[in-house]
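Hello,

Here is the structure I promised to pass on to you. Have a look at it first, and then read on for what turned up in it.

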Amino acid sequence: MIIMDKRLYIICGHYGSGKTNVAVNLAFHFRKSQTKVAIADLDIVNPYFRTKDSADELAAADIGLICSEYAGSNVDIPALPQDMYAITDKLDTKYILDIGGDDRGALALGRIAPKIKEENNYEMLLTVNRFRPLTRDTASVLEVIGEIEQAAKIRFTGIINNSNLGEETTADDVLSSVGYALDISKATGLPVVLTTVDERLYDAVKDKIENVFPLKLQEKIK
């Protein structure tokens with residue numbers, strides 16, 4: 001059983017790790033049992049996937065969305081959401097924070113890090129993808145961890161194994177990534193909190209991996 005009972009879930013990861021898709025799916029998961037749930041997109045640049053791409057679905061599920069006014073536009077400039085401080089002020093709301101894909105993106109988190117650590121009701125989870133060129137091995141992942149933690153001013157508490165090849169992912173791809181995630185866990189001392197899988201592959205791996213979390217893939221708005 002997957003138990004995630006903190007108020008704040010901070011989802012970080014390198015570009016292409018799939019952290020935004022994970023964050024969106026976690027928001028829907030938490031909404032099944034929580035009255036007030038919101039997702040905050042704290043990317044300070046305009047990447048390919050944004051939480052705003054799921055804005056209609058989030059609104060239909062009564063999930064709040066905090067994001068830059070430029071999200072989903074062609075304007076590619078650093079921009080923080082105006083209401084980002086609600087994350088630390090509205091203590092009755094469960095927030096999932098989608099953090100930028102490198103140390104520059106994590107700088108936004110650094111602005112509210114003192115209050116987050118003072119409340120001490122959070123998990124900061126590193127999303128890793130074995131099939132991305134910059135995080136294919138433990139040494140590369142350790143470098144990413146150091147960069148993000150220094151910028152964010154918060155240390156990671158766990159790992160999400162989100163190894164995938166998009167729609168081409170097979171059950172064997174997911175199964176083969178377990179050792180990769182465990183190697184990172186051993187090197188860092190951080191637990192593997194979740195192994196994610198496309199919902200279409202869930203039945204094929206659910207009895208072979210601990211803490212499997214099925215994902216509905218987010219679609220990019222054309």
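The side chains of threonine 20 and aspartate 98 are joined by a polar contact of 2.6 Å. Please keep in mind as you look that this is a predicted model. Threonine 20 has its place in helix H1. Is threonine 20 buried or exposed? Its relative accessible area is 7%, and the cut-off for buried is under 20%, so threonine 20 counts as buried.

Helix H1, which covers residues 19-31, also holds histidine 29.

Threonine 196 is found in strand E7, residues 192-198. With a relative accessible area of 2%, threonine 196 is buried.

Next, a pair of helices. Helix H6 (residues 138-152) packs with helix H8 (residues 178-188) at an angle of about 55 degrees, and their axes are 10 Å apart. That angle makes H6 oblique to H8, because it falls between the roughly parallel range, under 35 degrees, and the roughly perpendicular one, 65 to 115. The crossing of the two helices, H6 and H8, is right-handed. On the H6 side, the contact is made by Thr138, Val141, Leu142 and Ile145, while H8 brings Tyr180, Asp183, Ile184, Ala187 and Thr188. Sorted by type, the residues of this contact between H6 and H8 are six nonpolar, two polar and one charged.

Finally, the protein as a whole. How many helices and strands does it have? There are nine helices and eight strands. The protein has 222 residues, and 50% of them count as buried. Among the contacts with a separation of 6 or more, 75% are between residues 24 or more positions apart.

Enjoy exploring, and do write back with any questions.

Best wishes

Note on methods:
Residues are numbered from 1 along each chain as its sequence is written. This is a predicted model: local features need pLDDT of at least 70, side-chain atom pairs count only at pLDDT 80 or more; totals for chains, interfaces and linings use all residues. Side-chain values use heavy atoms; hydrogens and water are left out. Axes are lines fitted to C-alpha atoms, for helices over the stretch in contact, and angles run from 0 to 180 degrees between N-to-C directions. Helices (H or I, at least four residues) and strands (E, at least two) are DSSP runs, numbered from the N terminus. Angles under 35 degrees count as roughly parallel, over 145 as roughly antiparallel, 65 to 115 as roughly perpendicular and the rest as oblique. A crossing is left-handed if the near helix is turned anticlockwise from the far one by less than a right angle, and right-handed if clockwise. Contact means heavy atoms within 4.5 Å. Ala, Val, Leu, Ile, Met, Phe, Trp, Tyr, Cys and Pro count as nonpolar, Asp, Glu, Lys and Arg as charged, and the others, Gly among them, as polar. Buried means under 20% relative accessible area, exposed over 50%, partly exposed in between (1.4 Å probe, protein chains only). A polar contact is a pair of N or O atoms within 3.5 Å; within protein, one must be able to donate a hydrogen and the other to accept it, and residues adjacent in sequence count only if both atoms are side-chain atoms.
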